[in-house]
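I opened the model to look up a few local features and noted each in turn. The entries follow in the order in which I went through them.

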Amino acid sequence: MRLRHTAAPRPAHPLRTLAVATTLACALPLTACGSGSGSSDGKVKLSFSWWGDASRAKATEAAVAAFEKVHPNIEVGTQYATFAAYNQKLATQIAGGGASDVIQIDWGNQSQYAQSHTLLDLSSGPGKVDVSGLDPKFAASGKEGSDQVAVPFGQTAQSIVVDETRLDALGVPVPKAGWTWEDLQTFAQQVHARSGGKTAGITDPGSTWPAFQSWLLQRGKPLYTADGAFGFTKDDLAGFWTFCTQLRKSGAATAANLTETVVSGPAEDPLAKGAAAAEWDYDSIYTSHVAANKDKLVLVPLPTVNGRTGMYAKPSMLLSVYARSKHPKEAAELVSFLVTDSRAATALGSSRGLFPDLVVRQQQGASATGADKVVADYEAAADSLLSATPSAPPKGDAQLITLMQRVYDEVSFGRQSPQDASASFMQQAGQILEQ
């Protein structure tokens, strides 16, 4: 996984750069898709945009339909795209003053949008959203200073997605919680050897910004300090890339030409193609992996260092109301429905991870089946392994995700050593944070 925004990244892989491939339900000029308006039939028309794949779009449309049934005076127009395409379009929309009334944002962009006064404060006024049903610390992930500029749209946690069917065929056991990075290396090399070199043990995680964050947290270091500076050194990054390079050169991790294809969502991943038996990702992407893969997939916690996983409860994505929306009250009603109402939870399933409202989440978990149950059970089992949720990333975080991919390509294709590449990254990244 390169960049998937949960998110990601990808939301997220989590944090992956998703190519422009998915159909935009509303691929119109920005102003046409901008803030909603009234209509001759007396209905308020809202616009709502998000990123994701087809399976997430289906779940989201069902949730919107449930909202419209409860609010017959409101009509919601929707649009979505893959992560990279979405963020590019959203940036253009914001610059042109025509973003949707309700927008899904990535945590890495939150500070930037808040500081440019793009997001409405949801803690008071006409756009007030009641977040009392959410864990207060988790709800605070959507704050910029004292303003609630966003509300988490789901809780996700880091994981290793494992192809159990393939491992059974190769006679390699599924890793267990508490395994170490040395165990991962042994596991991945077994997969490579027993498959005759056809399958790598894991997709190379070297270009994955959040994977590096977990690597740091396991070693007692944050990605960012409280004042938004780096909490690590170039030697820390070089150490991570050196480990990944060892995996890749031994065949335990995917080759560079395979890793760089991870740009269009789980259907294009080495995991779905049978070229890898495991992949770092957020559990909020699990349903998309299942949709893209015929084999049985399971979720395993990250490898540990001294018992620490470096995992934490992360907002898979957040919902905000555009500050220039003509209908902040109705937009806030849509946000509130999507994060607190059981009908929304039923429609959304685990497409964005665990549902934000704690009471509804408990009800949902008790009746979950299939992929939703796998995610609910994984999060319940991993709860004791989670670290405290860090503060929202500083402005520039989203650019660093892309920078890491670009610089690591130099390593994985053999054009730079991990040490030289890490020095280059730190120099360029420092300039981004100073902007």
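This is a predicted model: local features need pLDDT of at least 70, side-chain atom pairs count only at pLDDT 80 or more; totals for chains, interfaces and linings use all residues.

Entry 1, a polar contact in a loop. I found the backbone nitrogen of Gly206 2.9 Å from a polar atom of the side chain of Asp204. I take a polar contact as a pair of N or O atoms within 3.5 Å; within protein, one must be able to donate a hydrogen and the other to accept it, and residues adjacent in sequence count only if both atoms are side-chain atoms. Asp204 sits in the loop between H6 and H7. Asp204 counts as buried because its relative accessibility is 1%. Buried means under 20% relative accessible area, exposed over 50%, and partly exposed in between, with a 1.4 Å probe and protein chains only.

Residues are numbered from 1 along each chain as its sequence is written, and side-chain values use heavy atoms, with hydrogens and water left out. Helices (H or I, at least four residues) and strands (E, at least two) are DSSP runs, numbered from the N terminus.

I looked up residues 181-194, which form H6. H6 has 14 residues and reaches 20 Å from its first C-alpha to its last, close to the 20 Å expected at 1.5 Å a residue. The expected span is 1.5 Å times one less than the number of residues. Buried in H6 are Trp181, Leu184, Phe187, Ala188 and Val191. These residues cover an arc of only 115° around the axis, which puts them on the same side of H6. The arc is that of the directions from the helix axis to the C-beta atoms. An α-helix has 3.6 residues a turn, so residues three or four places apart point the same way. On the face turned away from the buried side I noted the exposed residues Glu182 and Ala193. The buried residues of H6 pack against helix H5 (164-170), helix H7 (209-218), helix H8 (234-250) and S9; contact means heavy atoms within 4.5 Å. Gly196 follows H6 and has a positive phi, near 70°.

Residues 418-434 form H17, whose 17 residues reach 24 Å from first C-alpha to last, close to the 24 Å expected. Its buried residues are Pro418, Ala421, Ser422, Phe425, Met426, Ala429 and Ile432. Seen down the axis, they fall within an arc of 140°, so they line one face of H17. They pack against H7, H8 and helix H16 (397-412).

I traced an open sheet of 3 strands in the order S9-S8-S10, with antiparallel pairing. Two strands pair if DSSP finds at least two bridges between them. S9 (278-282) and S10 (297-300) are the edge strands, each pairing on one side only. S8 (residues 158-163) is joined to S10 by 4 bridges, and Asp163 stands opposite Leu297 in S10. Helix H15 (residues 370-382) packs on the sheet, touching S8 and S10, and its direction makes about 15° with that of S10. Axes are lines fitted to C-alpha atoms, for helices over the stretch in contact, and angles run from 0 to 180 degrees between N-to-C directions.

His117 has a positive phi of about 60° although it is not a glycine. His117 lies in the loop between helix H3 (107-115) and helix H4 (136-139), and counts as exposed at 67% relative accessibility. Asn306, also not a glycine, has a positive phi of about 50°. Asn306 lies in the loop between S10 and strand S11 (314-315), and counts as exposed at 73%.
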